[in-house]
Structure formats: structure tokens, C-alpha cells
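Welcome! Please take a look at the sequence and the 3D view below, and then read on for a short tour.

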Amino acid sequence: MSGVRVLIGTRKGALILTSDGKRKRWHVSGPHFGGWEIYHLKGSPVDPNRLYASQSSGWFGQIIQRSEDGGKRWEAAGGGLTTAPSGMPVVEGNKFVYDTSPETGKPLTTHQWYDGTQHPWEFKRVWHLEPSLTDPDTVYAGVEDAALFRSTDGGQTWQELAGLRGHGTGPGWHPGAGGMCLHTILLDPSNPGRIFVAISAAGAFRTDDAGKTWRPINRGLKSQYIPDPNAEVGHCVHHIAMHRSRPSVLFMQKHWDVMRSDDAGESWQEVSGNLPTDFGFVIDVHAHEPDTIYVVPIKSDSEHYPPKGKLRVYRSRTGGNEWEALTKGLPQRNCYVNVLRDAMAVDSLDSCGVYFGTTGGQVFASADAGDTWAPIVRYLPAVLSVEVQTLP
Amino acid sequence: MIRVVLPYHLRMMAHVGGEVKLDVKGVVTQRSVLDALEARYPMLRGTIRDQVTEQRRPFLRFFACEQDLSHEPPDAPLPDAVATGAEPFLVVGAIAGG
């Protein structure tokens, strides 16, 4: 019987849970990298035992970790030595250098700061790692301050896809409350040249030539918190999801508003429908039903907890607009946790499993597409990210 | 032989227990000690000094001989007691929090 592996990033380390296909009993491994912030872990679709992890710390900066055995053992990617012309050892695995060369980057060194002035781009951390769909050694990194990097040697060295920052709107991007982060990377399985990314608080962007050129895809987004609610950039996109069988259909949880695009982001329509609030962070798609989507409504942008203290996942089987509350097994009183943008995932077993983690340290799972839920682990540090691998 | 004491998380990363002992060629300075440390433990590169600017990370300090050397120039000679191994060079994580 096949099984699942759940990769959990928290404020104080990573945990890895495994179960067989029944998803009733769970083995917990970790914490790995105890004491470090683990913004994200993700496995290669080509080689499920190849995992990447973003390990960071306010004291020690950014580390990229890599595992070849499904998370039992880890090594700092780039921990091996290469030698520079000077003869000094050089390790590049933790090095994210913005590309400002005229050939590729169209030199760009500042973005909009909170006070409206221009501010230099400064690397802070990796928010999201997205392994290639075809090559286990190729992985993308979405970073703060917002930029997209790619490694083609298993995380040992990183190069910026500088056309994103350099395409023209970069000086108008500005940080949200959580920083100016590139947090969503979607690789189109039907078109190797097409990548979608999302940045807070700039919006969504797309390349059709594997990262050389980019353009904003925010038409239809309306954000009342910016001077021009319909601006080309400046929107606080929280997360985007797609179903791999239908990559031109995108679902977005924006700061406020749940949105849908049927044309690869060329235009967006609101599908918040009957949600109790359309603020939230996560959004994901059922593994086998491309029009079944999930969100976790959060009361407001200043009250980062569920309405009425009831933790409810909302499911739409119609690609939005019509939503049903899923409550069975979830706390329905006195619950004031948040569910952060990368903290929901699905498995692809016959009965689709849905998983999400909370800032209160619980990870809830449903083995029946959301009908019933149970915590598979509790009392963790605040959960930053949840990814799921369906194992053969 | 230079003795270096690392904070807990960097000892875990480098898989070392107590003090690290390093051979440093030439003048013993912050830069030459950290170069030797990173050459021996490449996984530490970027964790003490920024990879690009080579500046000390803001929440780390360098102490030795009961002095705070954090703001000394990176190429200034360290105290003789550090250069002779009588005293360790301490990399200290700031206590931050409530």
C-alpha cells in the first residue's frame, strides 16, 4: 500500500510525519534543525527522497539543507568545497546574490519602502523552495526581498532569474507587514517555459520563456488598501494554487478576496461567494477534482484568527462562489489560531487527503477530502508550512 | 593553535563538541581566524559573516580576553593571548527576546 510523508516547517524546526495509505497512525520524526526557523521543505517530484529545506535564523542567516533519504539525514547544500581562482575555498550553497548585471538583470537596486522612498534590495531569507518537475537537481527559491533564484546543482549554487525584478515594475513593489517576499512558485507541467510567482505586496507575475522575461498578471484584482485599487502591481497576493491537469486555471487567496483565473492569469474574477470572510492565507486544489478547492477563512487582516473562534475549512466543488463549511473534527469554540500561506497541502491517494497546520502548533488532516478531520500532531511550534508527498 | 568557541547552533551545524582548534597562518585577526574556520567547516560560511558584504551578522558578537572586539577592524591583530592559544576567541549569539 502506498503512503504519505508530511513535511512540516515550524518556527523552531522541521518535523516529518509518515503514514501508510490509511492515514490513521503517524510516525513523527524530528525536530530537525531544532531552534531554527524552517520556512519551507519540499520534495522532488522526480525523486521523492530528495528533499530541500530552507533553514534560517535571525542570528545565523540562511542555510539550504538537502536530504537524499527522505529526511533521515541532512547536509547543508554546498557544504562541499569548490576552489576559487585565489585558491581560497568557496561555498556557495547559502549565497543568494542579486543579479544586477546589464546583460541579465537590467540593473535594479531599489524598491519602494514603507515611507515611499526607494530602498535597496536586501536578501533576508528563502520563503519557498520549488523543486523542478523533471530534474531533482534543479530547484527554485522564492526569497525576501522578493526575487526568484534557481539552482541546477542540487542547491549548491544559486543564480537569480533577474528578469523578474528587472522587467519594469520592480521599483514600485513594496513590502507587506511580513516583508517583501516571493512566496509562491507554480511550475506549469504542460509548458516547461511557464512559471507563475506571487509576491507580497506586489502581485502575481508570469514568464513564458523559463524566467528570462516576466510581466504582471493582476488584471481584475481590486485592492482598496492601495491608491489605485486596480493598479498593475501593489496587490497583496497571499497564495495561488493550480491543478496540474489544468494549469491555465489558477485560484488565488488575496489579502482580501478569493479569486479565479481561467486564462493563466490574464484576468481574474472574484469567487468569494458565500464565504463568511474572504480574508485568509491558504488555498489549495483537490488532487483529482480540479474544481474542488479549499480555503480557511480568517476574520480580518488585523485579527488573524477564524471568525467566532471556529476553525472551519471551506470547500467549493464548483471552482468558487459556492462554499460549504467543513467542521467535523475541527475545534468549533475558542480557537484563535492562524493558518499561514504555505501551510496547506493535499496528497494524491485515491481518497484525496487534505492537510493544514496552524500557528497554534496543530496539523490537521482529512483522509476523505475534507469531510472529517483529526489532528495528526499537536503542540508544535507555530507551523509555517506543510507539504505532502504521496509515496509509491 | 587558535581556540574558537562557537554558539550552540553553529556547533551543531559543524558537528563539533567543545572548542574548535585552528591553525592560522600569518597575523591572527578576526578575518584570518574566520577564514580558517570557514575553510575547515564550510557549512558555517555565511552564518557568522554575510556572504556578500563579509560584515559580522548583527546578532553575533566577538569576545576575547573579557573584551568586546565586535567593532574592531577585521584585519586588526587579535590579542596575543588569543594568538598564542592561551585564551579562546568567542563567537557569541546575542541574547534576544523578552
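What is the mean pLDDT of chain A, and what percentage of its residues reach 70 or more? The mean is 93, and 94% of the residues of chain A reach 70 or more; pLDDT is the predictor's confidence in each residue, from 0 to 100. One stretch to treat with care is residues 81-90 of chain A, where pLDDT stays under 50. The model has 9 contacts beyond four places in sequence for residues 81-90 of chain A (two residues are in contact if their C-beta atoms, placed from the backbone, lie within 7 Å).

This is a predicted model, in which local features need pLDDT of at least 70 and side-chain atom pairs count only at pLDDT 80 or more, while totals for chains, interfaces and linings use all residues. Residues are numbered from 1 along each chain as its sequence is written, and chains are lettered from A and ligands numbered from 1 in the order in which they are written.

## Chain A as a whole

Chain A holds 1 helix and 32 strands. Helices (H or I, at least four residues) and strands (E, at least two) are DSSP runs, numbered from the N terminus. A compact globule of 392 residues would have a radius of gyration near 21 Å, and the 20 Å of chain A agrees with that. This radius is taken over C-alpha atoms, and the globule rule is 2.2 Å times the number of residues to the power 0.38.

Along the principal axes, the C-alpha atoms of chain A fill a box of roughly 60 × 50 × 40 Å. Of the 392 residues in chain A, 54% count as buried. Here buried means that 20 or more other C-beta atoms, placed from the backbone, lie within 10 Å of the residue's own. Among contacts in chain A with a separation of 6 or more, 50% come from residues 24 or more positions apart.

## Two places to look in chain A

Start with strand 5 (residues 51-57) of chain A: 6 of its 7 residues are buried, so strand 5 is largely enclosed by the rest of the structure. Strand 4 (residues 37-43) of chain A runs antiparallel to strand 5, joined by 6 bridges, and A:E37 stands opposite A:S56. Strand 6 (residues 61-67) of chain A is also antiparallel to strand 5, with 7 bridges; there, A:Y52 stands opposite A:R66. A hairpin of 3 residues joins strand 5 to strand 6 of chain A.

Next comes an open sheet of 4 strands in chain A, with the order 20-21-22-23 and antiparallel pairing; two strands pair if DSSP finds at least two bridges between them. Its edge strands, strand 20 (237-242) and strand 23 (269-270) of chain A, each pair on one side only. Strand 20 meets strand 21 (residues 250-254) of chain A over 5 bridges, with A:H239 opposite A:Q253.

Chain B has 3 helices and 5 strands, which run β-α-β-α-β-β-α-β from the N terminus on. Its radius of gyration is 13 Å, close to the 13 Å of the globule rule for 98 residues, so chain B is as compact as a globular protein of that length. Of these 98 residues, 30% count as buried.

Where do the chains touch? In chain B, 15 residues are in contact with 15 residues of chain A. Helix 1 (residues 8-14) of chain B gives the most to that side of chain B, with 3 residues.

How values were computed
Buried ≥ 20, exposed ≤ 12 C-beta atoms within 10 Å, placed from the backbone.
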